[in-house]
Amino acid sequence: MHTHGQHHSRDDLATAAQGRLLAAGEQWTPLRAQVFAALAGFDRPVSAYDVTDAVSAAAGRRIAANSVYRILDLFVANNVAARVESANAFIANVHPDCPHDCIFLVCDRCGGATHVDDDRITGDVRAAAAATGFRPVRPVIEVRGICADCD
Ligand SMILES: [Zn+2]
Ligand SMILES: [Zn+2]
Ligand SMILES: [Zn+2]
């Protein structure tokens, strides 16, 4: 299993996310910064609606959900956030500088998510897809279950 020291604390995660977007030629607008701060403020995967509510509360005005959706998609495309498909939710990426097909472990009791990075497993999944002539873009591997805190 791949391990690395690139996991950021919440404090410098926004700085890493900003650097990542700027390096990709994207802007780090005030709204994008607010959306990232709101997302990173949650300790579990959250819906785009939850992020919109948090951003709106912090901004003191109603922010359009569509704007937040677009920003979340941009974050996912640039590896600063991840989609947890089985929860229809988003989570800040703790290793924005290190690309992986993250394998999410999602707790059915508390809704929390941790993840593991195992490039051998995800590489095998990509290879199996490619062997059929399919062009894999993003393997989605998630494990539902009970986290250590809830067990
Ligand atoms: Zn890594
Ligand atoms: Zn990961
Ligand atoms: Zn749990």
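1. Two residues are in contact if their C-beta atoms, placed from the backbone, lie within 7 Å. By this criterion, and leaving aside residues up to four places away in sequence, Phe90 touches Leu39, Pro45, Val46, Ala48, Val51, Leu72, Ala81 and Arg83.

2. This is a predicted model, in which local features need pLDDT of at least 70, side-chain atom pairs count only at pLDDT 80 or more, and totals for chains, interfaces and linings use all residues. Residues are numbered from 1 along each chain as its sequence is written, while chains are lettered from A and ligands numbered from 1 in the order in which they are written.

3. Helices (H or I, at least four residues) and strands (E, at least two) are DSSP runs, numbered from the N terminus.

4. Three strands form an open sheet in the order 4-3-5, with mixed pairing; two strands pair if DSSP finds at least two bridges between them. Strand 4 (113–116) and strand 5 (141–145) are at the edges with a single partner strand each, so one side of each has no neighbour in the sheet. Strand 3 (residues 103–107) and strand 5 run parallel and are joined by five bridges. Within this pair, Leu105 stands opposite Val143 of strand 5.

5. An unreviewed UniProt entry places the feature "binding site" at Cys107, Cys110, Cys147 and Cys150; such annotations may be inferred rather than shown by experiment. These residues span 44 residues in sequence, yet no two of their C-alpha atoms are more than 8.2 Å apart, so they gather at one spot.

6. The cut-offs are 20 or more other C-beta atoms within 10 Å for buried, 12 or fewer for exposed, and partly exposed in between, with C-beta atoms placed from the backbone.

7. Cys110 belongs to the loop between strand 3 and strand 4. It counts as partly exposed, because it has 13 C-beta neighbours inside 10 Å. Not counting residues up to four places away in sequence, Cys110 touches Cys147, Asp149 and Cys150.
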